[in-house]
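These are my notebook entries on a structure that I looked up one point at a time. The model is shown first, and my notes follow.

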Amino acid sequence: MPDATERDALIERIRTLQDDMTRLFAGDPHPLLASTLTMQQLKVVIVLTSEDSLSGQDLARRLGIGLGTVTGIVDRLVQQGMVTRFEDPDDRRVRRVRLTEDGQKVASDFTDTGAARLRDILRRLDMDTLRDFDRILRTIQSAMRGAAAER
């Protein structure tokens, strides 16, 4: 059984390796770095990529910000052609927000570029390492699901 000192040292080394890999990834051109979206606008786009649409209140709740702040962010995204507002078919008092085709393209450019980079890196690994990495990621995913369930 490893002692706490060894465990803490390994955790710190893994964290440091992750930081270094993040810097290496950030050194390459990426559409996210060329984006003119503000951080708040980017958060709205990211949240909307996993939903068909959300009401302003749902969006505010998901982002942990006020409805007035969301309204301003969405206004600017509408002006940029990234999102559209529409009446909720079940409740005409509610306005919903959805990514436009341009907004979906921007979001997919972010994720597609990252996925392509990861595939390129993984192709450089031998099969034994890939199998180990797969096993380790599945174990980490399980731990993350457990932590999320506890929250």
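Is D120 buried, partly exposed or exposed? I find D120 at 39% relative accessibility, so D120 counts as partly exposed. For these classes I use the cut-offs under 20% relative accessible area for buried, over 50% for exposed and the range in between for partly exposed, with a 1.4 Å probe and protein chains only.

**Entry 1: basis of the values.** I note that this is a predicted model, in which local features need pLDDT of at least 70 and side-chain atom pairs count only at pLDDT 80 or more, while totals for chains, interfaces and linings use all residues. Residues are numbered from 1 along each chain as its sequence is written, and side-chain values use heavy atoms, with hydrogens and water left out.

**Entry 2: salt bridges.** I counted a salt bridge where a side-chain nitrogen of Lys or Arg is within 4 Å of a carboxyl oxygen of Asp or Glu. The structure holds 12 salt bridges.

I returned to D120 and looked up its partner. D120 forms a salt bridge with R124, and the closest N and O atoms are 3.3 Å apart. R124 has 64% relative accessibility and therefore counts as exposed.

I next took the pair R85 and D75, whose side chains meet in a salt bridge at 2.6 Å, N to O. This pair links distant parts of the chain, with R85 in strand β2 (residues 83-88) and D75 in helix α5 (residues 67-79), 10 residues apart. Helices (H or I, at least four residues) and strands (E, at least two) are DSSP runs, numbered from the N terminus. R85 is partly exposed, with a relative accessible area of 28%. D75 is at 32% relative accessibility and also counts as partly exposed.

R131 forms a salt bridge with D128, with the closest N and O atoms 3.3 Å apart. Both R131 and D128 lie in helix α7 (residues 127-150), three residues apart, which is about one turn of the helix. I also recorded that E12, R15 and D19 are joined into one network by salt bridges that share partners. As for the exposure of D128, its relative accessible area is 52%, so D128 is exposed.

**Entry 3: a nonpolar surface patch.** Which residues form a nonpolar patch on the surface? I find F133, I136, L137, I140 and M144, with about 440 Å² of accessible area together. Patches are made of residues with over 30% relative accessible area and no salt bridge; like charges are joined within 9 Å, and nonpolar side chains (Val, Leu, Ile, Met, Phe, Trp, Tyr) within 5 Å. The accessible areas come from the Shrake-Rupley method with a 1.4 Å probe, and for residues only the protein chains shown count as cover. M144 is found in helix α7 and is exposed, with a relative accessible area of 56%.

**Entry 4: helix α3 against helix α5.** How do α3 and α5 lie to each other? The axes of helix α3 (residues 39-49) and α5 come within 10 Å and cross at roughly 80°. The two helices are therefore roughly perpendicular to each other. The contact is made by Q40, Q41, V44 and V45 of α3 and by I73, R76 and L77 of α5. Contact means heavy atoms within 4.5 Å. Axes are lines fitted to C-alpha atoms, for helices over the stretch in contact, and angles run from 0 to 180 degrees between N-to-C directions. Angles under 35 degrees count as roughly parallel, over 145 as roughly antiparallel, 65 to 115 as roughly perpendicular and the rest as oblique.

I looked up Q41 separately. Q41 counts as buried, at 3% relative accessibility. Leaving aside neighbours within four places in sequence, Q41 is in contact with T36, I73, R76, L77 and Q80.

**Entry 5: helix α4 against helix α5.** The axes of helix α4 (residues 56-63) and α5 come within 9 Å and cross at roughly 105°.

V70 is buried, with a relative accessible area of 2%. Not counting residues up to four places away in sequence, V70 touches G56, L59, A60 and I65. The C-alpha atoms of V70 and G56, 14 residues apart along the chain, are separated by 6.7 Å.

V74 is buried, with a relative accessible area of 2%. With residues up to four places away in sequence not counted, V74 touches L59, V83, R85 and V97. For V74 and T129, 55 residues apart along the chain, I noted a C-alpha separation of 44 Å.
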